[in-house]
Amino acid sequence: MMASVNLTAVDVKEGDELPPLSHAVTATTVVLGAMASRDWRPMHHDKEFAIHRNGVKDIFINTPNNAAWFERYITDWTGPKGRLGRMKFKMKRPVFPEDTMVFNGRVVRMSVDDSGCQWVELEVTVSVDGQVNTECQARVAIPCDPHDNPWQRKASRWQP
Amino acid sequence: MAVDIPQNVQDLIGKPQYEEKTEFPIEVGYVFNTCAAVQNGNPLYWDAEVADQIVGGRIAPPTMLSVWFRPHYWSPGAEGERTALQTHFDLKRLLDLPEAIVSGNEAAFGEPVRMGDTLTTRQIVRSVSEFKQTKLGQGRFWTIDVETYNQHGEWVGTESYTCLGYRRQEVVA
């Protein structure tokens, strides 16, 4: 298996849109994500608990799985040399089974730090039925050129 | 700092707590589970040859940082519910707020987490808000940092959780 994408700085400019990603969520999606992240709390697998204790309509996607979805969306775009430096997200509304998540992203800033690392700042959203459920800001390093590899950066050469 | 925070909660702010090591060396099975759950086909995590070329060996996705510190649901000799992010549950108890949700998450990622690594973490309460009225009920927001280092003492990441602890609204008939 080899990467089909290896984005470098010349391929990206501020204002670029990432290709959207759509995923139909089921109860299995939620439970798979919770179990993979070793999150055994019942609101992510027990519908009765979610309704009666959390006051929501169903089980919902948990925080670390939300992060994993964002990471997948971003590195689908960058390819394997894309290295996440920082990620921040705010969950405004839970994502439930029967929802279709739609990921959108935009390049808001590109910069090179004093060690020569190429950073891309992204705004990413997850929407359901046209409403934003989760907002994410991410900072990802991509290669400056085909010979660069952000994963080789250590210590002061890695400034997330 | 909000003025209505109990002293025993104020005393926790800024104090590192619950330093602990991962219960098992980092392993690829959980990496596959995580990638499968979100259909992440990044060859860095599925193809040992690609991982070797790019990072010098298999690593875990950076966003898995918290995964390694959640205890098994049960283990021999353990009593009661085993919970991760213990400071969060301490705050719920100390502030008498029975329900809670994670409302925000921020993470910064350092050295890659490699297969076989043993990680150490510690939790630090950064802030607790005054009482606020929210859609879910009356409660407080708090932020907890979780700092993580590998067996070489290298920083591998910090996650900050912003949580809302609350009491559910009483419905008046």
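Me: Which residues lie nearest the centre of the largest cavity?
Reply: The model is predicted: local features need pLDDT of at least 70, side-chain atom pairs count only at pLDDT 80 or more, and totals for chains, interfaces and linings use all residues. A cavity is a set of points on a 1 Å grid over the protein atoms alone where a 1.4 Å probe fits but cannot get out, and lining residues have an atom within 4 Å of a point. The largest cavity has 28 lining residues. Those nearest its centre are B:Arg70, B:Thr83, B:Ala84, B:Leu85 and B:Phe89.

Me: Which element of chain A gives two or more residues to the lining of the largest cavity?
Reply: Residues are numbered from 1 along each chain as written, chains are lettered from A and ligands numbered from 1 in written order, and side-chain values use heavy atoms, without hydrogens and water. Helices (DSSP H or I, at least four residues) and strands (E, at least two) are numbered from the N terminus. Chain B contributes α5 (86-94), β3 (120-128), β5 (137-149) and β6 (155-168). From chain A the element is α3 (63-78).

Me: How many residues of α3(A) are buried?
Reply: α3(A) reaches 23 Å from its first C-alpha to its last, close to the 22 Å expected at 1.5 Å a residue (1.5 Å times one less than the number of residues). Buried means under 20% relative accessible area with a 1.4 Å probe, protein chains only. α3(A) is largely enclosed by the rest of the structure, because the buried count among its 16 residues is 15.

Me: How much space lies in the largest cavity?
Reply: There are 5 cavities of 30 Å³ or more. A volume is the space filled by probe spheres set on grid points, which are joined across faces, edges and corners. The second largest cavity has about 70 Å³. For the largest cavity the volume is about 430 Å³.

Me: Which element gives the most to the lining of the largest pocket?
Reply: A pocket is an open set of points with protein on both sides within 12 Å along at least five of seven lines. The largest pocket holds about 890 Å³. Of its 37 lining residues, A:Met91, A:Lys92, B:Ile101, B:Val102 and B:Ser103 are closest to its centre. The most, 7 residues, comes from β2(B).

Me: Which residues are closest to the centre of the second largest pocket?
Reply: The second largest pocket has about 340 Å³ of space. Its lining has 19 residues, and α5 and β2 of chain B each supply at least two. Closest to the centre are A:Pro42, A:Met43, A:Phe49, B:Phe89 and B:Lys92.

Methods
Buried < 20%, exposed > 50% of the residue type's maximum accessible area, 1.4 Å probe, protein only.
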